[in-house]
Amino acid sequence: MLKAIAAFFGLLLVLAVVGAGGVVYIFYRFGGDLPEYSQLADYQPPVMTRVHAGDGRLLAEYAVEKRIFVPIRAIPRRVINAFLAAEDKNFYRHLGVDFLGVIRAAVTNIKNLGSSRRMVGASTITQQVAKNFLLSNELSFDRKFKEAILAFRIERAFSKDRILELYLNEIYLGFGSYGIAAAALNYFNKSLHELSLAETAYLAILPKAPTNYHPRKHPRAARARRDWVLDRMVEEKFITASEAARAKATPLLVRQRSKTEFVTADYFAEEVRRELSSRYGDDQLYKGGLSVRTTLDPRLQDIADRVVRNGLEAYDRRHGWRGPLAAIELGPGWPGQLSAVEEPPALGRFKMAAVLKVDDTGARIGLADGGMGRIPLAELTWARPWKENQRVGPKVKKPSDVLSPGDVIAVEPVEADGKGVAYADGTYGLRQIPQLEGALVALDPHTGRILAMTGGYSFKESEFNRVTQAKRQPGSAFKPFVYLTALDSGFTPSTLILDAPFVIDQGPGLPKWRPANYTKKFYGPSTMRLGVEKSRNLMTVRLAQTVGMKKIAEYARRFGIDEDMSPNLSMALGSGETTLLDLTTAYAMLVNGGRKITPTMIDRIQDRQGRTVFRHDTRACENCAADAWNNQAVPELPDTRKAVTTPASAYQIVSILQGVVERGTGRRIKAVGKPVAGKTGTTNKANDAWFIGFTPDLAVGVYAGFDSPRTLGPREQGASVAAPIFRDFLIETLEGKPAIPFRIPPEIRLVRVNAVTGRLARPGERGVILEAFKPGTEPTGEEEVLEGISSWGGAPATGTGGLY
């Protein structure tokens, strides 16, 4: 008997030694070149970056995997228990590998040999973490050994909760869902805390094979497996039998995820994306889980998009019809042919239609869906033939002058004609996608926060942002900074400047430079105010020559218009290049009292942990973090903005630019009905049109021009193309808001003067305005006329030959 016992224990000892040797060999054989598991300590799963508008609504999402990371402490206990019951009931007891589970699985698989039952696995959650993060999905014994070794090492290095957190946020659960939070939304349109017991149990069956338990393709298998998880939860005493029974009686219903509401601001969102990529890199942008609060005002953005489209379309209609989009052969199959025509990316709200018949009163059209409609002659009269240089041909007298059967055209439903007479149902108007491009930007002049940005007619057609990327000549829109330089140099709004022919001999081999006014007329001595209000080129050149182009170039740099402006006299007429954003920001510094601002689209950026990593407003506020209000004084924030001019000079220019709207080239803007100031800008040959202006608390810039510069056509200028867009934007933006006057600094004196001569007004005199003067600079009647000199010692003046 003793010999038998000794033999038994000897055998056990031999087996133990052999087993230990085997373990040592496995660790030696497979543990030497394993991935570094310590990287999991700093692992953060890829999480989407979300960009929000100023009102908190979602603007854009950027992600490689649509994952929502949830810390373990925020995951409901019932969700955790469901996954433990389904995947690893001994998770909190084993050391990485569940040996009892391995033996149990081996016995079960041996019993099931020859049957149709699937093989049973025994991988723990820790092993799955090792496989998902550090190994491949290769099916081999080598990988299983490596997986087990890594599981032991991971368990020694990390807490159970950390391992579980990695697992629940990393696993793929089908329906494009990475992690349990995304799965809850995609399957049931719920957050984790809103899931029912039955829904929680269903999610727990998905890690192994989500496609095998698809709730719509395999509803029986999905429900049976869900009920199995509920039974396992009862066995582990996570739930009671009655709770499981009620959950099993629940039908497995998938609810489509609510469509996320996005604010539409394509150009703005893309500009933000570029800035985030530049600041943090694409990896952090698409995987870093940033939360970005932008400056966008969705209401203003919607208005901006609409008025830019309408303004460009209005210009396009003035310059004629360029022909149909395509042509098809009419016959029984015309709807199919029409559907086969590629839709222009910029079609937008328009629809494509085929012309089926043309008669004396209009044209009958067919839509791709088989619907019918009619275009009356009144909706065709604008479509005069387009001619080179944006001219138009003869007037339209009959529909056949414009359309032919088989033409594929763009149309839009219309309800009434231009006089308000209602049309019959099914009436359409002929439309055309503009070739002209344009842009609008609106910002807060006190902070630089960009509230709206429309960079073109259609983002789908062109992602080129004409607010930030297009550098074009500003023309007369630059003139206010010439006059501001003069005001800071001792001149006044009533200073008289000679408006007469101006010729400069630029030296041997160079032609004479002869700038001219837009009207080709001369007006004699005129005030500086009139020089801006009427956009006089000759006065501006004389003033620039007197003040000095180097000084003007310094102001252009100071205001961010041009960092390296050439001291060329033609630059005073806006022949340099700048962007719409830079010029609008410069105007904003006029109305804010001459303070430097930096335009921004981003208020704040937070990382995935909620820590603020960027803030546009960096001012310190010691008393802003009070727990409650106890009648204490409102905190005062320091004004850290650098001064770029004096408040007095800034207001003088604001007052002059208000005169542009009231009496000058910007009279169209008077329709706003509230205090507005601004300046038109048109370049040589009318290639570019601008209107930049502001109210006391809003700066707005509008640009229009062709991407490949060419003339806008006869009689087109900033006042006719850009100003109406600016006007319509402000009318809608300021609707229902009180009229706020421009703020007058204390060092300004308002004096009654004659609007034309600039001299002190006499009692009862007409045409009188209140002019803004600095103390001691009021007119005396003895002022000399600034005449300039017809020679030039600076850089050659040759430029565009005159802008207006």
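This is a predicted model: local features need pLDDT of at least 70, side-chain atom pairs count only at pLDDT 80 or more; totals for chains, interfaces and linings use all residues.
1. Confidence. The average pLDDT of the chain is 88, and 87% of the residues score at least 70. Residues 19–32 fall below 50, and beyond near neighbours in sequence this stretch has 13 contacts in the model. Residues 791–802 also stay under 50 in pLDDT, with 33 contacts beyond four places in sequence. Please keep both stretches in mind when viewing the model.

2. A three-stranded sheet. Three strands form an open sheet in the order E15-E14-E23, and the pairing is mixed. Strand E15 (524–527) and strand E23 (785–786) are the edges, each pairing on one side only. Strand E14 (residues 496–499) pairs with E15 in the antiparallel sense, over four bridges. Within that pairing, leucine 496 stands opposite threonine 527 in E15.

3. The helix on the sheet. Helix H17 (residues 537–547) lies across E14, E15 and E23. Relative to E14, helix H17 runs at about 125°.

4. The whole structure contains 18 aromatic pairs. One of them joins tyrosine 315 and phenylalanine 706 in an edge-to-face arrangement, with 6.5 Å between the centres and 70° between the planes. Tyrosine 315 belongs to helix H13 (residues 298–318), while phenylalanine 706 is in the loop between strand E20 (698–705) and helix H21 (718–733); the two are 391 residues apart. Tyrosine 315 counts as buried because its relative accessibility is 1%, under the 20% cut-off. Phenylalanine 706, at 2%, is buried as well.

5. A tilted pair. Phenylalanine 691 and phenylalanine 726 are 4.6 Å apart centre to centre, with 55° between the planes, and the pair is tilted. Phenylalanine 691 lies in strand E19 (residues 688–695) and phenylalanine 726 in helix H21, so the pair ties together parts that are 35 residues apart in sequence. Relative accessibility is 0% for phenylalanine 691, which is therefore buried. Phenylalanine 726 is likewise buried, at 0%.

6. An aromatic cluster. Seven names make up one aromatic cluster: Phe478, Phe481, Tyr555, Phe559, Tyr587, Phe694 and Phe742.

7. Charges over rings. Which ring lies under the charged end of lysine 160? The ring is that of phenylalanine 91, and the charged end sits 4.5 Å from its centre. Arginine 536 has its charged end over the ring of tyrosine 523, 3.9 Å from the ring centre.

Definitions and conventions: Residues are numbered from 1 along each chain as its sequence is written. Side-chain values use heavy atoms; hydrogens and water are left out. pLDDT is the predictor's confidence in each residue, from 0 to 100. Contact means heavy atoms within 4.5 Å. Two strands pair if DSSP finds at least two bridges between them. Axes are lines fitted to C-alpha atoms, for helices over the stretch in contact, and angles run from 0 to 180 degrees between N-to-C directions. Rings of Phe, Tyr and Trp (its six-membered ring) pair if their centres lie within 6.5 Å; planes under 30 degrees apart count as stacked, over 60 as edge-to-face and the rest as tilted. Buried means under 20% relative accessible area, exposed over 50%, partly exposed in between (1.4 Å probe, protein chains only). A charge sits over a ring if NZ of Lys or CZ of Arg is within 6 Å of the ring centre and within 35 degrees of the ring normal.
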